[in-house]
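Okay everyone, thanks for coming. Let me put the structure up on the screen, and then I'll walk you through a few spots in it.

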Amino acid sequence: YKCNVAAGTCVKQLAQVALMKFGRQDSTPTVKRVDVTCGDGSTCPNNATCCKLSQGGFGCCPYPKADCCSDGKHCCPNGYKCNVAAGTCVKQLAQVALMKFGRQDSTPTVKRVDVTCGDGSTCPNNATCCKLSQGGFGCCPYPKADCCSDGKHCCPNG
């Protein structure tokens, strides 16, 4: 996908998806990271969506307010519908690839792996560090995302 900041979209051939706004990840130790609590008591990172797994329990989809697919393995951005057979998320004429999700390991003995940005700040695992317009780095929730030149938005990889 390529950024079209003026239109507020990410464009890939005929497909368009909304730009994802990102910001600075607060990694100050005194600030507690707010997690989302799933139906079975497990947790997912803030702005993620709890989705039921096919083998039971819940997994974490990195999209906020995501559409959890019926296969219990994939999810789509908010406003998109799952087409599991085609491996895509569909919104009118736009299609994006399904996002695979899995169980969030919230066991205290397991260290959460963060991505280290160029200025030493961190973003959650599978996020992308993008330069902010006001300096420093922010966290885009898409893995290997395309960071837009405005320093405020990002698009899915591809």
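So, start with the side chain of Thr49: one of its polar atoms lies 2.9 Å from the backbone nitrogen of Ala66. The backbone nitrogen of Lys65 is in on this too, at 3.0 Å from a polar atom of the Thr49 side chain. Keep in mind as we go that this is a predicted model.

Where does Thr49 sit? Thr49 is in strand 7, which covers residues 49-52. And is Thr49 buried or exposed? Its relative accessibility is 12%, and the cut-off for buried is under 20%, so Thr49 counts as buried.

Now look at what surrounds that threonine. Leaving out residues up to four places away in sequence, Thr49 touches Cys44, Gly59, Cys60, Cys61, Tyr63, Pro64, Lys65, Ala66 and Cys68. You'll see Lys65 and Ala66 in that list again, and two of the cysteines there, Cys44 and Cys60, bring me to my next stop.

Cys44 and Cys60 are joined by a disulfide, with 2.0 Å from S to S. That pair links distant parts of the chain: Cys44 belongs to strand 6 (residues 43-45), Cys60 belongs to strand 8 (residues 58-61), and they are 16 residues apart. Which hand does this disulfide have? The torsion about its S-S bond is about -90°, so the Cys44 and Cys60 link is left-handed. Cys44 is buried, at a relative accessible area of 0%, and Cys60 is buried as well, at 11%.

Let's stay with strand 8 for a moment. Strand 7, the one with Thr49, runs antiparallel to strand 8, and four bridges join the two. Opposite Cys60 in strand 8 stands Cys50. The two strands make a hairpin with five residues between them, and Gly56 in that hairpin takes a positive phi near 100°.

Strand 1 (residues 2-4) and strand 2 (residues 9-12) run antiparallel, with three bridges joining them. Lys2, for instance, has Val11 in strand 2 as its bridge partner. Here four residues lie between the strands, and Gly8 in the turn has a positive phi of about 70°.

The angle about the S-S bond is -75°, and the link is left-handed.

Cys140 lies in strand 18 (residues 137-140) and Cys154 in strand 20 (residues 153-155), so parts that are 14 residues apart in sequence get tied together. This link is right-handed, with 85° about the S-S bond. Both Cys140 and Cys154 are buried.

If you take one spot away from today, go back to Thr49, buried in strand 7, with its side chain reaching the backbone nitrogens of Lys65 and Ala66. That's it from me, thanks!

Definitions and conventions:
Residues are numbered from 1 along each chain as its sequence is written. This is a predicted model: local features need pLDDT of at least 70, side-chain atom pairs count only at pLDDT 80 or more; totals for chains, interfaces and linings use all residues. Side-chain values use heavy atoms; hydrogens and water are left out. Buried means under 20% relative accessible area, exposed over 50%, partly exposed in between (1.4 Å probe, protein chains only). A polar contact is a pair of N or O atoms within 3.5 Å; within protein, one must be able to donate a hydrogen and the other to accept it, and residues adjacent in sequence count only if both atoms are side-chain atoms. Contact means heavy atoms within 4.5 Å. A disulfide is a pair of cysteine sulfur atoms within 2.5 Å. Two strands pair if DSSP finds at least two bridges between them.
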